[in-house]
Amino acid sequence: MTTSTPRHGPAPPPFADSPLFPLGRHSAPPSGDYRWVSPWGGPLRFTHWVAFLTITVLVITGFFINRPYFLTTGGPPQYLMGYIRLAHFIAAGLLVAAGLIRFYWLFAGNQFERLPALFPIRWRDWVNLWKQVKYYLMLEGDHGIYYIGHNPLQQLSYTFTYVIAIVMVISGFAMYGQASPGGLWYSLTQPMVLAVGGIQIVRLTHHLCTWWFIIFPIMHIYLVLRKDITEHGGGLSGIFSGGHYIKADIQYVDE
Amino acid sequence: MFFPTQFPWAKDQTLGEHLEASGVSRRDFLEFCGQMAVLIGLTEMAAPRVAAALEGVKRPVVIWIQLQECTGCVESVLRSADPSIGELILNIVSLDYSHTLMAASGTAAEDALHASMKANMGEYLLVVTGSVPLAEDGMYTVIGGRTAKEILIEAAAGAKAVIGVGACAHWGSVQAAKPNPTGAVGIAEIIKDKPVVHLAGCPPIAETVTATLVHYLTFGGLPELDGDGRPRFAYGARIHDQCSRRANFDAGQYVEVFDDEAARKGWCLYKVGCKGPETFSPCPIFMWNMKTSWPIGAGHPCIGCTERGFWDTMTPFYDRLPNVAGIGIERTADTIGAALAVGTIAGVAAHATATTVHQIRSRKKAAAAAEGGHDGQD
């Protein structure tokens, strides 16, 4: 069972023994030596949390704008839809600002944050992508492929999320611009609107893509928790602290 | 030429002289000019300028051809708000050819068309209603033995400018909706070398036609257009941004189903599928049938008929978003999204369970291996 090697690594996550997480009770305890790495710079963490907050607001207000699900009834006149749209537009503006910081950080960040880290660019990464898929399907291996930064599957899914976010921003500003024809946003987006077949197609795209921001976090949070429980790196807190533990005696692919 | 009146507009008579001869008072004429000035984006102060320009206009030649269409646009235009003068401008004074309205028919009508085109080569204004069917070599619309495409190309060749009236001329309208069996296209697909202005709508409001003609006569050219060829004075703002029910939209007051309390109070029709937020049209301002009413004013959601492709993209008319074509069955965007989200949650739960089972097995194996002598056979 448990080896007698002294534990130098991190304590298991606090929820590891919780009855709510049977996975935590049954996974092997941490063993061996660990060392601390710090791949996530301040701007990356900051933009992550700005994105989290604004996307939460955007999804909730966005669904309301599409189909107002609660209503003002009776009483003096309200400005419910007006305020909800205002919140949506402010959150959208903040998300775009965060996106610009992230874009800058694609060129100024460290090796785990730069543009090449968004894509599996080497052959070995594609091989590891397949291995990671087989690991998740529980066909091969007891652990994921050892990457300090994002593994190839993460790279693809996060980059896909960036792409969807860009689609959301373009389609969102196209709809926003409709209120003032001839204005900046209208002029920038109208050729695209006509090319795709009209504003309703843009609206439908915007709405369908919204669901990615519901589906993606479910998988994202699950896989982060799962990795934390089974591999004990403390990656969950890495998005606050900027770092996590890696095993000292293992060569990491992207080290 | 047709609609014979007591006072036909003689060839070298100016419009001012003609109106005077027809018994239109100066006061009525200035009032009309003021209305038109406002419609084309000037202030009422510009009325004297418009009047001065219009008065001096010699009889313009307008040829109105009708291709694959339902004649609804002509019906709409006949209901111009100020029939006494608008009708003079549109229907009486200027049309040399319009097969719905003219008294002549058959060969006589075709002869009139050709005579007018020849006599006014390069000078006449061409108005087109209807789309151009291209499938089966254009056999879906044949007038006088010639296809719609041939007629349009011939008529456009000598035109100074082309005005497309209605959704058919704009992009094809209902006959161009999927699957578009006749291969219908808008006139701009055929006429590439001439300025084409589109008065979008199914049908457009009569005043947009009158006002475009007045603009043409006043300034000698076509009005400023938006990215889709529509005059900005009429199609420059969304119905949503000019709507009398906009306050209810902002307040969160919506009609849930037709005939509910909210509908009786005249609240916003957003939730019953109003396409006002995606439709550029002057309906709330110009209104219809001599300013009697307009669709939203009458309690019906806008169907977006001034937008390209509206039969495909604005449907279902009583819902916010288009349906997504699926395999044999159509699903709404939210059905698909919710199904995917539920599927994701189920997948995550299944995966977490499988992981737990997998971990238990791995530990048992490790324990068995650690005990040595005992053969691992689980």
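Analyst: The expected span of a helix is 1.5 Å times one less than its number of residues. This is a predicted model, and helix H9 of chain B, residues 206–219, can be set against that rule. H9(B) has 14 residues and reaches 20 Å from its first C-alpha to its last, close to the 20 Å expected. Of its 14 residues, 13 are buried, so H9(B) is largely enclosed by the rest of the structure. Gly220(B) follows H9(B) and has a positive phi, near 70°.

Chain B contains 15 helices and eleven strands. Of its 378 residues, 53% are buried. Among contacts in chain B with a separation of 6 or more, 71% are between residues 24 or more positions apart.

Now the side that touches the partner. In chain B, 51 residues are in contact with 47 residues of chain A. The size of an interface is often given as the accessible area lost when the parts come together. For chain B and chain A the buried area is about 4,300 Å², and carbon and sulfur atoms give 61% of it. Across this interface there are 15 residue pairs in polar contact, counting residues at pLDDT 80 or more. Helix H11 (246–251) and helix H15 (333–370) of chain B each supply at least two residues of the side that touches chain A. H15(B) gives the most to that side, with 21 residues. By type, the residues on the chain B side divide into 22 nonpolar, 14 polar and 15 charged.

Charged pairs deserve a separate look. Side chains of opposite charge can pair when their charged atoms come close. Over all chains, the whole structure holds 15 salt bridges. Between chain B and chain A the count is two. One salt bridge pairs the side chains of Arg67(A) and Asp319(B), at 3.5 Å from N to O. Arg67(A) lies in the loop between helix H2 (42–66) and helix H3 (80–108) of chain A, and Asp319(B) in the loop between helix H14 (310–313) and strand E10 (324–325) of chain B, so the pair joins two chains. Arg67(A) is partly exposed, with a relative accessible area of 38%. Asp319(B) also counts as partly exposed, at 21% relative accessibility; the cut-off for buried is under 20%.

Other salt bridges lie within chain B. Glu278(B) and Arg320(B) meet through their side chains at 3.5 Å, N to O. Glu278(B) is in the loop between helix H12 (261–265) and helix H13 (283–286), and Arg320(B) is in the loop between H14 and E10 of chain B; the two are 42 residues apart, and the pair links distant parts of the chain. Both Glu278(B) and Arg320(B) are buried.

Glu110(B) forms a salt bridge with Arg146(B), with the closest N and O atoms 3.8 Å apart. Glu110(B) sits in helix H6 (residues 106–119) and Arg146(B) in strand E6 (residues 146–147) of chain B, so this pair ties together parts that are 36 residues apart in sequence. Glu110(B) and Arg146(B) are both buried.

Technical notes: Residues are numbered from 1 along each chain as its sequence is written. Chains are lettered from A and ligands numbered from 1 in the order in which they are written. Side-chain values use heavy atoms; hydrogens and water are left out. Helices (H or I, at least four residues) and strands (E, at least two) are DSSP runs, numbered from the N terminus. Buried means under 20% relative accessible area, exposed over 50%, partly exposed in between (1.4 Å probe, protein chains only). Contact means heavy atoms within 4.5 Å. Buried area is the accessible area (1.4 Å probe) that two parts lose on being put together, summed over both. A salt bridge is a side-chain nitrogen of Lys or Arg within 4 Å of a carboxyl oxygen of Asp or Glu. A polar contact is a pair of N or O atoms within 3.5 Å; within protein, one must be able to donate a hydrogen and the other to accept it, and residues adjacent in sequence count only if both atoms are side-chain atoms. Ala, Val, Leu, Ile, Met, Phe, Trp, Tyr, Cys and Pro count as nonpolar, Asp, Glu, Lys and Arg as charged, and the others, Gly among them, as polar.
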